[in-house]
Amino acid sequence: SCSRSISFCFLVLLTRLSAAMSKKINWPSDWKEAAGEQTIAMREQKELPIKLFSSWFCPFAQRAWIAMEEKGVKYQWIEINPYEVDPSQPGGYTKKALPLSEKKKRFPGFVETSPSGLVPGLDNQGERVHDSLIVVEYIDEAFDGPALLPSSALLRAQQRKWSNYVTEAIQKHYYTMIIAQEKDTQEEFRGKFYDACRHFAQHMAPVSKGPFFLGDEFSMVDIALAPFWQRFIWVGGFYRGLEFPDDDAFTRMNVWWDAVSKRPSVANTLVCKPRLIASYKQYARNEATSNYGKMIQRNIARHKASKVKSIASGLAGKATYSRAALIAGCAASGAVGYILGMKSK
């Protein structure tokens, strides 16, 4: 019993030490601590019964972080670095995921809270929840402070719908554009991203009623999108030259972001811009081995395979094409393997 207690204390100490050391590994001179880093430093100082397991760079975790700040909860920040550290890289950052077994060794309390080993995780005096939007809803219901969801059952349902739309459409199109290396795929998903944003903007309250999704009420949908919009502007602009079109939908989104980014609960989570940009270098090079990076990579592979199959099937349907002509016609698109598996006409 005593030895177990000592081992546990040692693991906790190791976790805090590794988190503290990782903050300043190979920091370039232009990296200055911003409001987000200052908030983390303040929240790390005291041992508290309410613990937020988070990662400074993660947009999903930032959702929970914003919610905690908005509600005014007194909580302890526990930094989780789920990746390997490479001291040769700025900040030591990689997107090479640690196996779950290693996360359990380094962050036992975190994995108890989030068994998948993904941030965010929230431990409210033994009540443990994980998954970003679930955590946001829990925070809204468990703590005093401004409501994050409306009282109307219909409006609450719509909040869940549009928060999920941010996750399943807007941000996935964006990250596909970031991770894809082929220019045509990047441009295709840039277009899908723009279309998804326009669809979202059409369902926002008019500016005359206020800047936020619901008008003058700041809500879960705003929290769901804010961390990603920050990355669309900073990271997308840097690695893919992402710029927003000059149309009514994006004018509405610009008004929204201007108000959201100035709200204290959001502003207090905005970290150093060049530091955040540097943390996405492996994504932009398609070198990430994180769970999320692998998911986007699989989606890109499926998308390519579907396009190749469509091209090959279209050519195969033309009776005038011989087997050799089909192979020649598909060579540039990578469909040769598909054609070779077909029967001769």
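Which residue forms a salt bridge with Arg275? The legends below begin with that contact. In this predicted model, local features need pLDDT of at least 70 and side-chain atom pairs count only at pLDDT 80 or more, while totals for chains, interfaces and linings use all residues. Residues are numbered from 1 along each chain as its sequence is written, and side-chain values use heavy atoms, with hydrogens and water left out.

**View 1. Arg275 forms a salt bridge with Glu37.** The closest N and O atoms are 2.9 Å apart; a salt bridge is a side-chain nitrogen of Lys or Arg within 4 Å of a carboxyl oxygen of Asp or Glu. Arg275 lies in helix H12 (residues 273–278) and Glu37 in helix H2 (residues 35–44), so the pair ties together parts 238 residues apart in sequence. Helices (H or I, at least four residues) and strands (E, at least two) are DSSP runs, numbered from the N terminus. Arg275 counts as buried at 4% relative accessibility, and Glu37 counts as buried at 6%. Buried means under 20% relative accessible area, exposed over 50%, and partly exposed in between (1.4 Å probe, protein chains only).

**View 2. Strands E3 (residues 121–124) and E4 (residues 127–130) run antiparallel.** Four bridges join them; strands pair if DSSP finds at least two bridges between them. Gly121 has His130 in E4 as its bridge partner. Gln125, in the hairpin, takes a positive phi near 55°.

**View 3. Glu112, Asp123 and Arg128 are linked in a network of salt bridges.** The side chains of Arg128 and Asp123 meet at 3.6 Å, N to O. Arg128 is partly exposed, at 40%, whereas Asp123 is buried, at 11%.
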